[in-house]
Amino acid sequence: MKAPPDFGVDDDALIDVTLPTDLHSVKEPEGRIMAALQRCGYDADTTFAIKLAFEEAVTNAAKHGNRNDRSKRIDVRYYVDPRRVVIMVRDEGCGFCPDKVPDPTADENLERPSGRGIMLIQSYMTKVCYRDNGKEVWMLKENPACGA
Amino acid sequence: MEQPSSHLKIKQVGEVSVVEFADRKILEELSIQEIGEELKHLAESQPGVKLLLNFDNVHHLASAALGMLITLHKRVQEQQGLLKLSNINRQIFQVFKITRLNRVFDIYDTGDQALDAFKQG
């Protein structure tokens, strides 16, 4: 569970949290990340983007990865500084191939009720990297105010 | 007349059922399912239903809520009804734009503009 080298974060700097497969459990680490963003002076739009991406990643891990099996866990690693935010979410599911998820913005898929979480993460974050057959997603958001 | 509901505030303005959301964040799976059920009930309450969803109070929206809105949209269309959305804040509207759902839904800046549009059919 090491960060991709181009994400610019030392492994030792990452904070580790283990969550049960319960979407309510996201609130505690999310609160800590939001507080760190505020301390580091991130603007409202960037904070919105990070919050949305984190929630979608944890929702995907719980629902599609762990299939709401409460005996399985979700691992989170995160790092926040004034220049960048790095977040990892890992589930205990069977994995998936992100490239094979249908494009929800294609005309034929526009009215499908699901499949938008991954593309929203991709749209809002600066870099997204899937590892271990999609069980692990690393997300980097650079602070636009820093021109990072 | 306003009807009490756990997640929704519903009032009737002429022929239009105007729905406001009690929750600032429409995030949790269970809440989204419950909201979807309430809206489904409303959509099926009469043929040709006219439904306006006012997002004034909503500051955050999960992608699962978008799915719920798409399902509702289909149901309203099956009933030969009309569904319009209004008062979506800039950040959430961006989510609709990224997912291209601004092309699927009839979205207005204000509730009054949406109500006028219902009068024009």
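The contact between the chains takes 16 residues from chain A and 17 residues from chain B, two residues being in contact if their C-beta atoms, placed from the backbone, lie within 7 Å. On the chain A side, helix 2 (44–65) and helix 3 (117–124) each supply at least two residues, and helix 2 of chain A brings the largest share, 5 residues. Helices (H or I, at least four residues) and strands (E, at least two) are DSSP runs, numbered from the N terminus. This is a predicted model, in which local features need pLDDT of at least 70, side-chain atom pairs count only at pLDDT 80 or more, and totals for chains, interfaces and linings use all residues. Residues are numbered from 1 along each chain as its sequence is written, while chains are lettered from A and ligands numbered from 1 in the order in which they are written.

Chain A also holds an open sheet of 5 strands, in the order 1-2-3-5-4 with antiparallel pairing; two strands pair if DSSP finds at least two bridges between them. Strand 1 (15–20) and strand 4 (127–131) of chain A sit at the edges, each pairing on one side only. Strand 1 of chain A is joined to strand 2 (residues 73–80) of chain A by 6 bridges, and here Thr18(A) stands opposite Asp75(A).

Then come the helices. Helix 1 (residues 27–39) of chain A lies across strand 1, strand 2 and strand 3 (84–90) of chain A. Helix 2 of chain A, for its part, lies across strand 2, strand 3 and strand 5 (136–142) of chain A. As for Ala57(A), its contacts include Val89(A) and Met139(A), not counting residues up to four places away in sequence.

Methods. Axes are lines fitted to C-alpha atoms, for helices over the stretch in contact, and angles run from 0 to 180 degrees between N-to-C directions.
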